[in-house]
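Hi everyone, and thanks for coming. Please have a look at the structure on the screen, and then I'll walk you through a few parts of it.

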Amino acid sequence: MRVLAAMSGGVDSSVAAARLVDAGHDVVGVHLALSRDPQATRESARGCCSLEDSADARRVCDKLGIPFYVWDFSDRFKAEVIDNFVWSYDNGETPNPCLRCNEKIKFAALLDRALALGFDAVATGHYAIVDDEGNLRRSADPLKDQSYVLGVLTRAELDRCIFPVGDTEKPQIREEAKRHGFSTATKPDSYDICFIPDGNTQAFLGRSIGMRPGMIVDADGTELKEHDGAFQYTIGQRRGLDLRVPAADGQPRYVTDIDAATGVVTVGPRQALEVREIRADRLKVLHPAMNGTFTANVQIRAHGGVVGCDARVEGDEMVLALHSPLEGVARGQAAVLYLPDPDGLGDVVLGSGTICHTA
């Protein structure tokens, strides 16, 4: 099989490529250049797309004796990920840029080009499993499981994907990289948004959106404080509110609602964060069980917990009645549905939707 291995420059994609070569596939490595901003691609950047990462990926391919290329997807990355990130915050949502990058760039754009060039599949270092029946499942390492961020793929895309490290826990992957002599064996995981290398999301959004004063109000409408921009706040936030007027009951306040149009940020007690119903659109269906009315587990954060729900697909939307309330659910997050471990081989991803309303 002719496989295009996406090489991020980290240990996971390094071992993924090595396993493909060992399995006898015809492998070509490619690193995606996603930004033309020298600050975002400087050496020692804490994201996943630095100049250092590109050099590390090249060294791994040299050791494996496979071709290596760098593909410039920076224009599409800006349009599909960065601009979407800014738009979402400007509209009171809480987006996940890494999830959108997987959806729009690392699979849709990459796979389109790979297939056009005659490749049979794309491989990445994501921690997830595609079983013999083509179902997407959680990885063998629960601490590193990335099935959530892959729940936004289409069925056609998943059919062309290979995840070589999904059946292995992270410590074993590092040991395997050491045996290959890869410099990435001890490289730390990326942990920042790659296009905000200094980690200051509020400053980035302030430059992109501009300051738009508004009010922080209590649940009864009492004005508490003026702010510089609603984009500075997220649902469930407690720290950084700097409210000088204590709540009547003396309890902490949390951000419970954001109205981007008016600039009003509402705060209230923790119990006001509880959500019992979620409505989501932009559905992605990966399994036939995601149809009509059914029961599933739902996860709303990459490393968040799951709760059971009664799900109902209604055209291009779905409604989830949660068995237990969730806190801090925000518009713009992905709701990924799972069929709980039906056969002892791990939870199956049914599909996903983007949260558009909560109650």
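**Salt bridges, a sheet and a histidine**

Let's begin with D281 and R282, which form a salt bridge whose closest N and O atoms are 3.6 Å apart. Please keep in mind that we are looking at a predicted model. How exposed are these two partners? D281 is partly exposed, with a relative accessible area of 22%, and R282 is partly exposed too, at 43%.

In general, side chains of opposite charge can pair when their charged atoms come close. Searching the whole structure turns up 30 salt bridges, so let me pick out a few.

Take E103 and R100. Their closest N and O atoms are 2.4 Å apart, and they form a salt bridge. Where do they sit? Both belong to helix 4, residues 97-116, and they are three residues apart, about one turn of the helix. Are they buried or exposed? E103 has a relative accessible area of 9%, which is under 20%, so E103 counts as buried. R100 is buried as well, also with 9%.

Another pair is R137 and D131, whose side chains meet in a salt bridge at 2.8 Å, N to O. R137 is buried, with 4% relative accessibility, and D131 is buried at 16%.

Salt bridges can also join up into a network. Which residues are linked that way here? D12, K144, K170, R174 and D189 are.

**On to the sheet**

Strands of a sheet pair through backbone hydrogen bonds, either parallel or antiparallel. Which kind do we have in this one? The pairing is parallel, in an open sheet of five strands with the order 3-2-1-4-7. At its edges are strand 3 (68-72) and strand 7 (161-162), and each of them pairs on one side only.

Strand 4, residues 121-123, pairs with strand 7 in the parallel sense over two bridges. Across that pairing, A123 stands opposite I162 of strand 7.

Now for the helices that pack on the sheet. Helix 1, residues 11-22, touches strand 1 (2-6), strand 2 (26-33), strand 4 and strand 7 as it packs there, and its direction makes about 165 degrees with that of strand 1.

**One histidine**

Next, please find H227, in strand 9, residues 223-227. How accessible is H227? Its relative accessibility is 3%, so H227 counts as buried. What surrounds H227? Leaving aside residues up to four places away in sequence, H227 touches R212, P213, G214, M215, I216, Y233, G263 and V265.

**Stepping back**

Finally, the whole chain. How is it divided? There is domain 1 (2-125 + 164-180), domain 2 (211-268) and domain 3 (273-358). Between the centres of domain 1 and domain 3, taken over C-alpha atoms, there are 27 Å. How many residues are in contact between these two domains? Eight residues of domain 1 are in contact with eight residues of domain 3.

Methods
Residues numbered from 1 in each chain as written. Predicted model: local features only at pLDDT ≥ 70, side-chain atom pairs only at ≥ 80, totals over all residues. Heavy atoms only, no water. Salt bridge = Lys/Arg side-chain N within 4 Å of Asp/Glu carboxyl O. Helix = DSSP H or I, 4+ residues; strand = E, 2+ residues; numbered from the N terminus. Buried < 20%, exposed > 50% of the residue type's maximum accessible area, 1.4 Å probe, protein only. Pairing = 2+ DSSP bridges. Contact = heavy atoms within 4.5 Å. Axes fitted to C-alpha atoms, helices over the stretch in contact; angles between N-to-C directions. Domains from an automatic or database assignment.
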